[in-house]
Amino acid sequence: MSYPGGVGAGRVLVLSKEGRPLMPCHPARARELLGRGRAVVSRHMPFTIRLKDRTHADSAVDGVQLRIDPGSKGTGLSLTDEKKEPGQHGTIVTVRRGLFSVELRHRGGEIHTRMRQRAGYRHRRRSANRRYRAPRSHNRTNPPGWLPPSLRHRVDTILSMVDRLRRHAPVTEIHLESNGFDTLSMSAGETLEGSVHEQGGLVGTTTRARLRTLWQNACAYCDVTDVPLNIEHVVPRSRGGSDRVSNLVLSCVPCNKAKGAAPVETFLAHRPDRLAKIFQQVRAPLRDAAAMNTTRLQLTGALNALGLPVLLWTGADTHRQRTAMGLAKTHTLDALCVGALEHASGDAIVRLPAHAMVAKAVGRGSYARTTPDRFGFPRLRRGRTKQHFGYVTGDLVRACVPVGKWAGSWTGRVSVRARGQHSLATSVGRFSVSHACLRLLQRADGYAYAARREPVPPMPRKTT
Ligand SMILES: [Zn+2]
């Protein structure tokens with residue numbers, strides 16, 4: 001068996017005449033169809049064409065799988081085509097081809113910041129003109145299933161991207177990486193030794209793996225690498241330090257010994273920078289893991305409600321696939337690796353998209369009527385309309401600039417100005433352009449799109 005392609009262009013999504021999804025096609029095929037006038041561009045991001053002469057009933061649609069690797073800051077989604085093919089010894093092997101990858105970047109952190117900022121403004125306004133107000137009922141609760149807006153956003157954006165991909169590709173199965181992060185054992189303050197022994201090493205290895213990523217495989221105190229690293233308690237056990245991830249760092253044996261049972265403040269008394277860095281970093285992991293744990297069940301439930309089969313996989317499965325295929329760690333490559341493959345019996349991922357579409361959640365602007373200064377006082381009045389000369393901020397446009405430094409044809413995201421001299425962001429820079437030079441390609445939908453090259457090695461050949 002010979003595999004046609006290691007790394008190739010991402011597939012173009014295809015719709016039938018009546019707008020139902022067909023199997024994605026190669027970009028060269030799409031160019032040919034467009035050139036002959038047999039297809040029209042239906043959407044630019046993700047690039048989708050609609051065939052003018054083919055109905056869904058006329059076409060063979062095998063279906064594709066959607067694989068999702070959710071993360072706290074970004075989520076990878078990958079459309080794949082998995083088939084059984086005859087292997088080299090007359091056996092049947094599973095062959096997976098990556099068709100299209102999306103990296104979805106969430107903005108939970110920004111939402112969190114803005115909600116806090118708004119709370120601050122309101123707090124100031126309440127206390128600025130102090131007068132007596134009768135206390136409101138304290139018996140206010142959140143409805144069941146309520147999530148804070150920063151986390152709700154994560155579930156919502158993943159669902160909206162899944163929905164969009166379903167409308168443009170014939171998704172028949174969803175494979176979801178669903179990890180309960182080990183905050184359960186870690187936060188409970190169980191002893192490391194106990195959980196490692198009782199739960200077969202998985203808890204320990206997951207902790208160690210997380211710490212390795214967090215501290216880049218180096219000693220947290222002296223940055224030495226390529227030596228045996230111990231799991232070190234920032235606040236020593238003997239001083240009441242817990243086994244939570246937020247109390248653990250990696251440390252080389254000499255540093256570990258030198259620190260002994262001393263408090264970290266004493267040990268790093270002459271290196272305040274290092275101390276600050278450690279304090280900052282040890283707080284991070286639980287917040288991300290907690291965000292994942294909080295949204296995990298809601299995401300699974302919401303995907304189940306779509307009516308497609310949803311298969312759940314662990315991060316360890318993904319890690320095993322990714323290692324076996326020798327792939328770098330990105331959300332999109334992780335998504336491609338979600339789900340079972342038996343590499344020992346010849347199963348393999350044989351094709352990777354060379355690029356991933358990056359969809360960054362940027363929102364749809366603000367509905368506030370004033371721009372406040374940093375104390376919350378209104379500084380600027382905003383106009384009531386968001387649309388100027390037919391465009392709103394975030395529209396994807398093509399600009400044909402006749403003269404000047406930016407003469408030529410440009411594609412990018414527009415930021416509108418009331419005077420009609422809009423600002424266009426392209427891959428090489430931002431410039432001002434008249435609305436008269438613009439042509440609308442796609443309406444703003446709350447995302448900023450870009451393409452990113454996948455860090456893919458030469459394709460490992462498991463079978464030839
Ligand atoms: Zn060290």
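Student: Which residues coordinate the zinc ion?

Tutor: This is a predicted model. In it, Cys 219, Cys 222, Cys 252 and Cys 255 coordinate the zinc ion, each through its SG atom, at 2.2 to 2.3 Å.

Student: What is the geometry of the site of the zinc ion?

Tutor: Look at the angles among the donor atoms. Four donors count as tetrahedral if all angles lie between 85 and 135 degrees. Here the angles among the four donor atoms are 101 to 117 degrees, and the site is tetrahedral.

Student: What spacing do the donors follow along the chain?

Tutor: The donors of the zinc ion follow C-x2-C-x29-C-x2-C. Cys 222 lies in the loop between helix H6 (202-214) and strand E10 (229-233), while Cys 255 is in helix H7 (residues 253-259), so this pair ties together parts that are 33 residues apart in sequence.

Student: Is Cys 255 buried or exposed?

Tutor: Buried means under 20% relative accessible area. Cys 255 has 12%, so Cys 255 is buried. Cys 222, with 37%, is partly exposed.

Student: Where is the peptide bond from Met 45 to Pro 46, and is it cis or trans?

Tutor: Omega is the angle to read. For this bond omega is near -10 degrees, and the bond is cis. Pro 46 lies in the loop between strand E4 (39-43) and strand E5 (48-51).

How values were computed:
Residues numbered from 1 in each chain as written. Predicted model: local features only at pLDDT ≥ 70, side-chain atom pairs only at ≥ 80, totals over all residues. Heavy atoms only, no water. Donors = N, O, S within 2.8 Å, 3.2 Å for Na, K, Ca; no water. Tetrahedral: all angles 85-135°; square planar, octahedral: opposite > 155°, others 65-115°. Helix = DSSP H or I, 4+ residues; strand = E, 2+ residues; numbered from the N terminus. Buried < 20%, exposed > 50% of the residue type's maximum accessible area, 1.4 Å probe, protein only.
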